[in-house]
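Okay, let's have a look at this one together. I'll talk through a helix pair and then a sheet.

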Amino acid sequence: MATEKQKSNLFGFTLRNSIKRLLIISFSLLLLIVVLLAVSPSIIRSQLEKNGKEWVGRKLTLNDLSINYFTSTVKLSGATMYEVNDRDKFVSIDSLILDVDPLEYFSSSIVVEQLYIKNLWVNISQKDSIFNFDDLVAFYTTENKKDTVSIQKTNDDEAYLFSLSDFRLNGGTLVYNDEAHEVTQTLNNLSFYLPHVEWGRGSSNMDASFKLTEGGRFGIASKFDSKKGDYLLHVEMDSLDISTFKPYTKDYLNIGGLKGLAYGKVDISGNINTVNTLTIQGTSSLEHFALSDVSGRTFLGANKIVCPIEKLMPMQSLYQLGDISIQAPDVDFELFKDSNNFYKSFGLDEPETNEKPPVLSENHEETPLRYSIKSLHVNDGKLKFTDHTTSSPFVYNFSKAKMDFNEIKSDSDWVNGKASMVLNERGQLAADIGFNPNDAAMNMKVNYVISNFQLSDLNIYSMEYTGYPILYGDMYYKGIIDIDHGKLNLENKLIVHNAEVGNKKGSPFYNLPLKVALFILKDKDGVINMDIPVRGDLNDPQINIKKIVWSTFGKFLVKTVTSPFRALSNLINVDPSDIKEINYTYMDTTLVGKREHQLNLLRRLEKSKPGLDIELVYFNDKTKQQEEIAKQLELLDTMKVDSISKAFDSVRVASIKTYLAKQSNDSTKIKITLPSSSNLKNIGAQPVFEIKYKMEGQEQQDFEIEEE
């Protein structure tokens, strides 16, 4: 048997060997772990590249991956995710740093202490409603359904916390390709900084900015309270070139070009749990705005448009704007027989579809629209009006337009404002404007005054409708447009100076005696006063305002020529009936004082209006006159009665001729005409000299105007 000493040596040797083996095994395991940890990034990188489609849905490549196990930091560089075709890049990153705190996971927290991404590049493509990432959405949706585990929490469970700090993005690029509209948008220099965000327990702030390659810069700052759900997003926009949005207008507008630079500072606030609280406030402006048609001609523009946003709550149909200012607007309006250039460009002349409006549920109540504009100001505006409905285009220019309106509200009964402008570089227009904002087209009133208006500017319309060219003349025009529930009432008071028209040409739309009417209407100083009211009902869909105006104007001219007594009486300040006709009875032949007074008035009129032809046309029912002579003189001899009757007629005519010759020393051009005895005006007429007026050298005509 071994001695105790020998046993002790043996056990000591055995113990030392066991410890040695344990140390060797432990060191080997530690070395293995270190080696595994050291090579695991390469293994992970290799496996990601090998199994990328299976694990994340797309092919992946990764230049380098490193992990610092002591600081829990992951770094990668040259990472790329490809499109479905495995060739084109979808997302790429030059470098990424992720620093997490894994121990916080045991306290129901996911804590990311740093996330830094450099030179992120993303390509988004869309064709109609299909995006190039739809397969990824489907992939992760499917995966989530397979892997979902239902976890029930008690009311005492603590809310799970997600914490992200020091999130930075530098040098990012986003490329958006809209294949349907053939548009490629690129956001360059994307920068993003999020100092801290907590989801589930606290609040967070975020700052971000980026630039567009076509021009423009965006800046975003936000605050979010994850517990309450309150958020505030501050957005700043500087020099955004809106021409990049032009392709998106092709489904709605038929335009050739869109230009302008947009600016703005807007706060968007609300609560994610209550959509109706979405509120927008701030300022916005647009500079060097221009819309052009398909031919490249600018038809709508403005140097600057400023629109303060006091409060917008879209979900509650509330729109409150501040003092809107429009500087130097420029409008080019063209009227065609079937439409106008604005309707063509905005697609408003296309036939309406028979689409039925959406059917609302019985419980659905549409929120009424509420809006307000604190004030509206337009300065230095221009309008070019071109009418292509005439034989040759009519062009008229309005300039230095200025408009000012006080507060406009949806619940206002009436809104008042003022306007002024220069007409064709000479005339002046000033107007007081009022309207009901809920139905302005059917309820409005405009009091306006036009001065120094050149009649020759309307020469094309004059030729088109009357056949007379306007040589020269200027006009003072005071008018009232009053529309009350669609009932149109136009009061037109015109004062025309030195109007002259040429000889009639062509075949006008209306056979109007413009030249003669203007001649008759002129007073001794060459001034014409016209009062032409116009009436109509805009509720009638067949109404044509242009026809109503011209019909009313035409009737006024015809009445002036066919019944000029009122106009001529104003020239010498007498009763119109005194210069309308000279009346006798069958048994009366004496030129009494009243008739002499009427002849004196005709002489005054002749002197006051050179070029006026005055004619006295004698009518008499000779049969009735003979009957009256036979009755009054108790004569039965018809030959004698006829002789007396002829003598009566001769005396009346001769006495007037003699008186006129005596008063004018034979210089008068007033003549007496005896129409044929078969003239219908003789039937039933007592002896009368009807006074006819016409312009010297013009033939007497019968005029008619189309009834509306």
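So, start with helix α8 (residues 593–608) and helix α10 (residues 638–664): they pack at about 50 degrees, with axes 11 Å apart. Before I go on, this is a predicted model, where local features need pLDDT of at least 70 and side-chain atom pairs count only at pLDDT 80 or more, while totals for chains, interfaces and linings use all residues. Residues are numbered from 1 along each chain as its sequence is written, and side-chain values use heavy atoms, with hydrogens and water left out.

Helices here are DSSP runs of H or I, at least four residues, strands are E, at least two, and both are numbered from the N terminus. Axes are lines fitted to C-alpha atoms, for helices over the stretch in contact, and angles run from 0 to 180 degrees between N-to-C directions.

That makes α8 and α10 oblique to each other, oblique being whatever is left after under 35 degrees (roughly parallel), over 145 (roughly antiparallel) and 65 to 115 (roughly perpendicular). Their crossing is right-handed, meaning the near helix is turned clockwise from the far one by less than a right angle.

Who touches whom? From α8, Glu596, Leu599, Asn600 and Arg603 meet Ile656, Tyr659, Leu660, Gln663 and Ser664 of α10, contact being heavy atoms within 4.5 Å.

Now the sheet. It's open, with four strands in the order β25-β28-β26-β27 and mixed pairing; strands pair if DSSP finds at least two bridges between them. β25 (581–583) and β27 (671–673) are the edges, each pairing on one side only. β25 runs antiparallel to β28 (residues 688–695), over three bridges, and Ile582 has Phe689 as its bridge partner in β28.
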